[in-house]
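Student: I have this one open and would like to go through it with you. Could we take it topic by topic?

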Amino acid sequence: MSLGQAYGQHDATGLAELVARREVSPAELVDSAIARIEAVEPALDGIVERAFDCARKAAKEPLPDGPFAGVPFLLKDNMNVAAGIPYHNGSAIWRGWTPDRDSELVARFRRAGLILLGSTKVPELSLMPVTEPKTFGPAHNPWDGSRTPGGSSGGSAAHVAARSVPMAHATDGGGSIRIPASCCGLFGLKPSRGRTPNGPYIGEGWHGASIAHAVTRSVRDSARLLDAVAGPDAGAPYGIAPPETSFAAALDRPPGRLRIAVSSKPPVDVPVHPDCMRALDQAARLCAELGHEVEEATPDLHPDFLKWFMTVFFAAVAQEFAMAEAQTGTKARRQEVETATWLARLLGRSFSAEDLSLAIERLHRQSRLIAPFFERYDVLLTPTLAQPPLSRGALKPAGAEAFAQEMAAVLGMGGLAKLGPFLDQAVIRAFGFIPYTPVWNVTGQPAASIPLHWAAPTPAAPAGLPIGVQAVGRFGEETTLISLAAQLEQACPWADRHPPL
């Protein structure tokens, strides 16, 4: 079997082992990855910047003696940046700013031996749970090209699922690792707050809600990569205790008999698709068969939680506009961004300092009220999403709603009051897709989407659509989630599932 044929069958750990045994060179892996990207990119449209020449050059030079030496990798175009690769975050407001140094996380990726091939597509400013930026066009799901790969790490997830690279950088401020992992049939671990570095360009993402890691095809790749990059960087606003053992050690350590709570109740009152319910039920039964103590239980959540979260969210959008204008020296223009993004900025600017401070304080208090739930349970299982991967365009406003949003954007701050229920409709429509994920960005707890279920095949999706199950652990206890996920991966393997692309 040629390398081109075998390349996509290996995870990152497997490819690194081939390099270590000198059965393949980093240059050959990079060429295989580039060939695969060029073959599938017309169907996926998930790449925003190519760095192929730099990757080929790096592959021919001595590489760091890291755990993934010579393995091809893609960088999400959000939050963590690479020297020499233009940055967009899905929007024209950054105007292709090109950083002159790596973010600390990217430097750690390189020290792990990873070779960067370019950056992947995100929604505008990484705000939406679908990857459909006006500036760069939508990305497509490799399991069904008419559907979204999720967001905001949609381009990364699409290419990992399509076997372009074995894993790729991803970030998560409201579910953006777990959402596309569920949509694309991948393992997506959001680490605990403070586990991976954000500096030096960012102090903290989205007021502490956002954290970076990766989407992977195997649990072991996620664990070993987290070992390579974990730990606060200089000047981090907070630290986190290192795990008692390495994350990789948790792969081979049985999780023991865990107390697992199972909940299908979404934090907001939205319908849950039967396939998402089936995925949760099957996961709960599997956990019980593996010897875990499983029972239904749901942590209490204040009814105003979503309102507080959106206050912080909109303030972060306004903050990013200000940062982009300061970095580029050019003011953003209404016509160059999407209506929803402009409205989010206006809303963010409409809040007072008191509004933001109160929202953050109330979210922190909510986190303290949730914490006792995880004294009773080791893990909480929920659906990752309330719906299977959406059709492209499903979250776009239409008719009167679209008109009202456009008029509010044109009228500016004075038009916001007239937006009224239309804004509520937009928020509920988005959270109708992702009700289960943002809570754990607020609490800072680790959470992972595990690809245990595929919907029945259809003519449009002959291989079925992937549907993830979310596992949430105690703060700082990624090892418990990794150990459980590795056990589930062994009991219900997903590595041989390939999209029909």
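**Cysteines, rings and cores**

Student: Is Cys276 buried or exposed?

Tutor: Cys276 is buried, at a relative accessible area of 1%, where buried stands for under 20%, exposed for over 50% and partly exposed for what lies in between, using a 1.4 Å probe and protein chains only. Before we go on, note that this is a predicted model, in which local features need pLDDT of at least 70 and side-chain atom pairs count only at pLDDT 80 or more, whereas totals for chains, interfaces and linings use all residues. Residues are numbered from 1 along each chain as its sequence is written, and side-chain values rest on heavy atoms, with hydrogens and water left out.

Student: OK, and how many disulfides are there?

Tutor: The count is zero, a disulfide being a pair of cysteine sulfur atoms within 2.5 Å. For Cys184, the nearest cysteine sulfur belongs to Cys183 and is 6.2 Å away, and Cys184 is itself buried at 1% relative accessibility. For Cys276, the nearest cysteine sulfur is again that of Cys183, at 9.4 Å.

Student: Switching to aromatics, how many pairs are there?

Tutor: There are 14 aromatic pairs, counted when the ring centres of Phe, Tyr or Trp (its six-membered ring) lie within 6.5 Å, with planes under 30 degrees apart called stacked, over 60 edge-to-face and the rest tilted. One of them joins Trp97 and Tyr201, edge-to-face, with 5.4 Å between centres and 80° between planes.

Student: Why does the pair of Trp97 and Tyr201 tie together parts that are apart in sequence?

Tutor: Trp97 sits in the loop between β2 (72–76) and α5 (104–111) while Tyr201 sits in the loop between β5 (187–190) and β6 (211–216), so the pair ties together parts that are 104 residues apart in sequence. Helices (H or I, at least four residues) and strands (E, at least two) are DSSP runs numbered from the N terminus. Trp97 is buried at 16% relative accessibility, whereas Tyr201, at 27%, is partly exposed. Ring pairs also join Trp97 and Tyr201 with Tyr87 and Trp94 into a cluster.

Student: And what about Trp206 and Phe313?

Tutor: Their ring centres are 5.3 Å apart and their planes stand at 85°, so this pair is edge-to-face. It links distant parts of the chain, since Trp206 is in the loop between β5 and β6 and Phe313 is in helix α10 (residues 305–328), 107 residues apart. Trp206 is buried at 18%, as is Phe313 at 13%. Trp206 also has a positive phi of about 50° although it is not a glycine.

Student: Which residues does a cis peptide bond join, with omega of about 0°?

Tutor: That bond joins Gly199 and Pro200, and Pro200 belongs to the loop between β5 and β6. A further cis peptide bond, with omega of about 5°, joins Gly151 and Ser152, and Ser152 is in the loop between β3 and α6. As background, most residues other than glycine have a negative phi, and most peptide bonds are trans.

Student: Since you mention α6, how many of its residues are buried?

Tutor: Eight of its eight residues are buried, among them Ser156, His159 and Val160. Just after α6, Arg163 takes a positive phi of about 70°. In the loop between β3 (115–120) and α6 (154–161) lies Lys121, which is buried at 2% relative accessibility and whose side chain reaches the backbone oxygen of Phe136 at 3.0 Å.

Student: Last topic, then: which residues touch the most other members of the largest nonpolar core?

Tutor: Among its 86 residues, these are Phe109, Leu117 and Leu381, a nonpolar core being a set of buried Ala, Val, Leu, Ile, Met, Phe, Trp, Tyr and Cys residues joined through side-chain atoms within 4.5 Å. Helix α9 (residues 274–289) gives the most to this core, namely seven residues. Apart from that core there is another, of 53 residues, including Phe305 and Phe433.

Student: What is Phe109 in contact with, leaving aside its neighbours within four places in sequence?

Tutor: Phe109 is then in contact with Phe73, Leu75, Leu114, His169, His213, Leu225 and Val229, contact meaning heavy atoms within 4.5 Å.

Conventions
A polar contact is a pair of N or O atoms within 3.5 Å; within protein, one must be able to donate a hydrogen and the other to accept it, and residues adjacent in sequence count only if both atoms are side-chain atoms.
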